[in-house]
Amino acid sequence: MRPVAVIGAGKTAFGVFPDRDLRSLAVEAGQRCLQNGRVAPAQVESFYLGNFAGPAFVGQNHLAPYVSTALGILGVPATRIEAACASSGSAFFHAWTEVAAGVYDIVMVVGVEKMTSQPTARVSEILAEAGDCAGEMKAGSTFASLFAMIARRHMHDFGTTREHLASVAVKNHANGALNPDAHMRKIITLEQALKGKPIADPLTLYDCSLVSDGAAAVILAPLERAAEFTDQPVRILGIAQASDYVALDRKESITTFPAVRMAGEKAYRMAGVTAGDIQFAELHDCFTIAEIIAMEDLGFVARGCGGPYVFEGHTALSGERPVNTSGGLKAKGHPVGATGVAQICDLVLQIRGEAGARQIPRHSLGLAENLGGSGATCVVSILGAA
Amino acid sequence: MRAGTVYTETVIYSPPAAFANDAPYQTAIVSLEEGGRLTVRRAARGSAIFPEGVKA
């Protein structure tokens, strides 16, 4: 396999954009990315689109060529990947396999979701299709309720508290306030987070990520060609995708995600690093408990110790290992199909030293973890300065 | 009728559209005595929730 680099990255702001459609968001991110990587549309040899539910959210299918042609990318393979909230992480993984295997040199990945044109109850229903519709969802579950049950069990098994969960939200809101592209740029206090409107016990509104519109894009190339396009290539040192049962009630334990552990272990091995080497991370905080469990499954802390670790400030911008410097899904926003690639864009910003007010001092080795559903898909990517 | 123990539970205040009139309602994952687990919903509004909460 050949070493692969990210040579260009670009995003839209995340938020509620009533005047924007799916394609215009994807095209904006794609054009910024092409400019950033100094790549012409005609140079792109293969195109991937990560998108979860365009057909349900906006009534449009066949989305990969729908977007690629609007970017002026004609004739090449254009492929949509769906893996719930890990759709564009998976698209990124598959783009990497093509470049690493030498099938193509210049491969573009766009992630997009346009969610806010539907009312909240309908959004919940569409998201629920990422779970087991004939089982857990038929019983009246929502994704919030699945993660609420995960949180409840984590509290029972390890003594994790409401304050631990809330401290994830407080941290990510503080980081999001420094991110000009974040959906929610508002600092919150621990008290506010604890007193939020109940969604599914023990989770309040502040434990839940946002329903957002947005898009993100990256372009990959063999490392040996990266200098043709950029002075600041970012190397993909390790990457892996893993899978598990879709239904939460099929898992032996719901306080750990085997797909995260497997993807993490493979990515560490490929990169030749250990969890202790990772300086910062973008973790999939679809709900606050998910960030806590991700830190445990990726070996940042021992199992059950994620709550106190975040509560004590170790993952804050000024901490020993900052997590979600972008604001995470909680504050940056969570346009589902865009999230995986957006995490990569955020690693690239930090590694290049372009993260502005939220730039951290140790930023040469970062990890992104993109989770689909209640853990049925996970993609872990480890990026570093080339 | 199948017997089991509550593995974890929650009370849902923000329901999907199909269950809009039922909220708040409780769902749980139950470990069945016969083996395996099942996600279930307490249908009756206002009925007592599993009194002992989570019990391993």
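A salt bridge here is a side-chain nitrogen of Lys or Arg within 4 Å of a carboxyl oxygen of Asp or Glu. By that rule, the count between chain A and chain B in this predicted model is 1 salt bridge. The pair consists of A:R152 and B:E9, whose closest N and O atoms are 3.0 Å apart. That distance falls within the 4 Å limit, so the pair qualifies.

Chain A brings 26 residues to the contact, and chain B brings 25 residues. The size of an interface is often given as the accessible area lost when the parts come together. For chain A and chain B, the buried area is about 2,100 Å², and carbon and sulfur atoms give 57% of this area. On the chain A side, A:M149, A:R153 and A:D249 supply 27% of the area that this chain buries against chain B, more than any other three residues.

Polar contacts also cross the interface. The rule finds 15 residue pairs in polar contact between chain A and chain B, counting pairs with both residues at pLDDT 80 or more. Three elements of chain A give two or more residues to the side that touches chain B: α5 (120-128), α6 (143-158) and β5 (198-200). Of the elements, α6(A) gives the most, with 6 residues. Sorted by class, the side of chain A that touches chain B has 10 nonpolar, 7 polar and 9 charged residues.

The next topic is the space left between the atoms. Rolling a probe the size of a water molecule over the atoms shows where empty space is left. The largest pocket holds about 690 Å³ of space. It is lined by 31 residues, and the closest to its centre are A:L127, A:C208, A:S209, A:V211 and A:F287. The elements that give two or more residues to this lining are α5 and α6 of chain A. Both of these helices are also among the elements that give two or more residues to the side of chain A that touches chain B. The largest share of the pocket lining, 4 residues, comes from α5(A). By class, the lining of the largest pocket divides into 19 nonpolar, 9 polar and 3 charged residues.

How many cavities of 30 Å³ or more does the rule count? The count comes to 1 cavity, and the volume of the largest cavity is about 40 Å³. Its lining is made up of A:G89, A:F92, A:G340, A:Q343, A:I344, A:A368, A:N370, A:V379 and A:S381. At least two of the lining residues come from each of α4 (87-100), α13 (339-351), β10 (365-372) and β11 (377-385) of chain A. The largest share, 3 residues, is supplied by α13(A). The lining of the largest cavity has 4 nonpolar residues, 5 polar residues and no charged residues.

Some details of the backbone remain. In chain A, a cis peptide bond joins A:D201 and A:P202, with omega at about 5 degrees. Chain B has a cis peptide bond from B:A23 to B:P24, where omega is near -5 degrees. B:P24 is placed in the loop between β1 (4-12) and β2 (25-32) of chain B. Back in chain A, A:R38 has a positive phi of about 50 degrees although it is not a glycine. The loop that holds A:R38 runs between α1 (22-36) and β2 (46-50) of chain A.

Key: Residues numbered from 1 in each chain as written. Chains lettered and ligands numbered in written order. Predicted model: local features only at pLDDT ≥ 70, side-chain atom pairs only at ≥ 80, totals over all residues. Heavy atoms only, no water. Contact = heavy atoms within 4.5 Å. Buried area = accessible area lost by both parts, 1.4 Å probe. Polar contact = N/O pair within 3.5 Å; in protein donor to acceptor, adjacent residues only side chain to side chain. Nonpolar A, V, L, I, M, F, W, Y, C, P; charged D, E, K, R; others polar. 1 Å grid on protein atoms, 1.4 Å probe; cavity = no way out; pocket = protein on both sides within 12 Å on 5 of 7 lines; lining within 4 Å. Points joined across faces, edges and corners; volume = space filled by probe spheres on them.
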